[in-house]
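Here is a friendly briefing to read alongside the model. Please keep the viewer open as you go through the topics.

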Amino acid sequence: MTRSARRTHRTLQVAGAGAAALLALSACASSDDSSSSKSDTSASASPKMSGTVTVFAAASLKESFTALGKEFETAHPGTKVTFNFAGSDTLAASITSGAPADVFAAASPKTMAIVTDKGDGVGTPATFVRNQLEIATLPGNPDKVASLKDLTKSGLKVVLCDKTVPCGAAAQKALTASKLKLTPVSYEEDVKSALNKVVLKEADAAVVYKTDVHAAGSKVEGVEFPESADAINDYPIVLLKNAPNAVAAKAFIALVQSAEGQKVLSAAGFLKP
């Protein structure tokens, strides 16, 4: 092979290598574009949260859940959380009668069972907090109530939650364990109604939750009693079967169970699950 031919051969080799390199780079770019396209498609396929989340929750959760609802709306623009706060038994009856809701948070496993036994819940309800009873008296505790037994004093106007409501059932459990008989001036449909009787000075005392005494601030005075330790209520939460907005509902439940959610609930006086 002549010197000129050898030079021509080497030139062709270099050109061939360059072409191969360009082809390889082109293939990589094509692969990257494909991966990017797949990634974008995957991201766009993820369900975006929007719309209203309807939460049926025990009356004692009003302050803490309202705060968490605002946090949820801020974190997820385009969503709105609406609440129905009432006695757990009333809420359970509404749900089993077909009331549209996404989430149910009850003040006791017994009232939650009304819903789950009918097949209206999804999965197993999770206990997210617990709550303990406390006596709410008028500011300054003018009647010097210092124990559960003091509520049986003649002439003292005491209010209890209805026996079908979790706070009422817990109060009855504490009274039975203490072998005390108490005839209240009224049985109220939920814990907020019982507390309000004292706030309005229509009653001298009420057996409510610690969280409700905490929320009332200076409007009442709280009196702890040891028997309450034997009547602590677990609070379960569940996604409802016919939830109109299941995606956002799951996210709200996750917030309630998260460290941030637990921080808000603990600050309100709830006990950890």
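## Positive phi in the loops

K201 sits in the loop that joins α6 to β8 (205-209), where helices (H or I, at least four residues) and strands (E, at least two) are DSSP runs numbered from the N terminus. The model is a predicted one, in which local features need pLDDT of at least 70, side-chain atom pairs count only at pLDDT 80 or more, and totals for chains, interfaces and linings use all residues. Residues are numbered from 1 along each chain as its sequence is written, and side-chain values use heavy atoms, with hydrogens and water left out.

- The phi of K201 is positive, near 60°, and K201 is not a glycine.
- K201 is exposed, at 58% relative accessible area; buried means under 20%, exposed over 50%, and partly exposed in between (1.4 Å probe, protein chains only).
- K179 also has a positive phi without being glycine, near 55°.
- The loop between α5 and β7 (186-188) holds K179, which is exposed at 78% relative accessibility.
- As background, most residues other than glycine have a negative phi.

## The whole chain

- The protein contains nine helices and 10 strands.
- Of its 273 residues, 40% are buried.
- Among contacts (heavy atoms within 4.5 Å), those between residues 24 or more positions apart make up 77% of the ones with a separation of 6 or more.

## S60, a buried serine

- S60 belongs to the loop between β1 (51-58) and α2 (62-75).
- Is S60 buried or exposed? With a relative accessible area of 4%, S60 counts as buried.
- The side chains of S60 and Y235 make a polar contact at 2.7 Å. Such a contact is a pair of N or O atoms within 3.5 Å; within protein, one must be able to donate a hydrogen and the other to accept it, and residues adjacent in sequence count only if both atoms are side-chain atoms.
- Not counting residues up to four places away in sequence, S60 touches N131, V191, K192, Y209, T211, D212, Y235 and F270.

- E221 is in strand β9 (residues 221-223) and is partly exposed, at 32% relative accessibility.
- Which backbone atom does the side chain of E221 reach? The side chain of E221 comes to 3.0 Å from the backbone nitrogen of G140.
- Beyond neighbours within four places in sequence, the contacts of E221 are I135, A136, T137, L138, P139, G140, N141 and V213.
- E221 and E134 are 87 residues apart along the chain, yet their C-alpha atoms are separated by 9.8 Å.

## Helix α3

- In helix α3 (residues 88-96), the buried residues are S88, D89, L91, A92 and I95.
- These residues lie on the same side of α3, because they span an arc of only 160° around the axis, taken from the directions from the helix axis to the C-beta atoms.
- Covering the buried residues of α3 are elements including β1, β2 (79-86), β3 (103-105), α4 (109-116), α5 (166-177) and β10 (233-240).

## Two pockets

- The pocket search uses a 1 Å grid over the protein atoms alone: a pocket is an open set of points where a 1.4 Å probe fits, with protein on both sides within 12 Å along at least five of seven lines, and lining residues have an atom within 4 Å of a point.
- The largest pocket holds about 220 Å³ of space, a volume being the space filled by probe spheres set on the points, which are joined across faces, edges and corners.
- Of the 15 residues lining the largest pocket, S108, K110, V165, P166 and A169 lie nearest its centre.
- Both α4 and α5 give two or more residues to the lining of the largest pocket, and α5 has the largest share, with four.
- The second largest pocket has about 160 Å³ of space.
- Lining the second largest pocket are E63, K192, L195, N196, V199, D212, A215, A216 and K219.
- The elements giving two or more residues to the second largest pocket's lining are α6 (191-199) and α7 (210-216), with the largest share, four residues, from α6.
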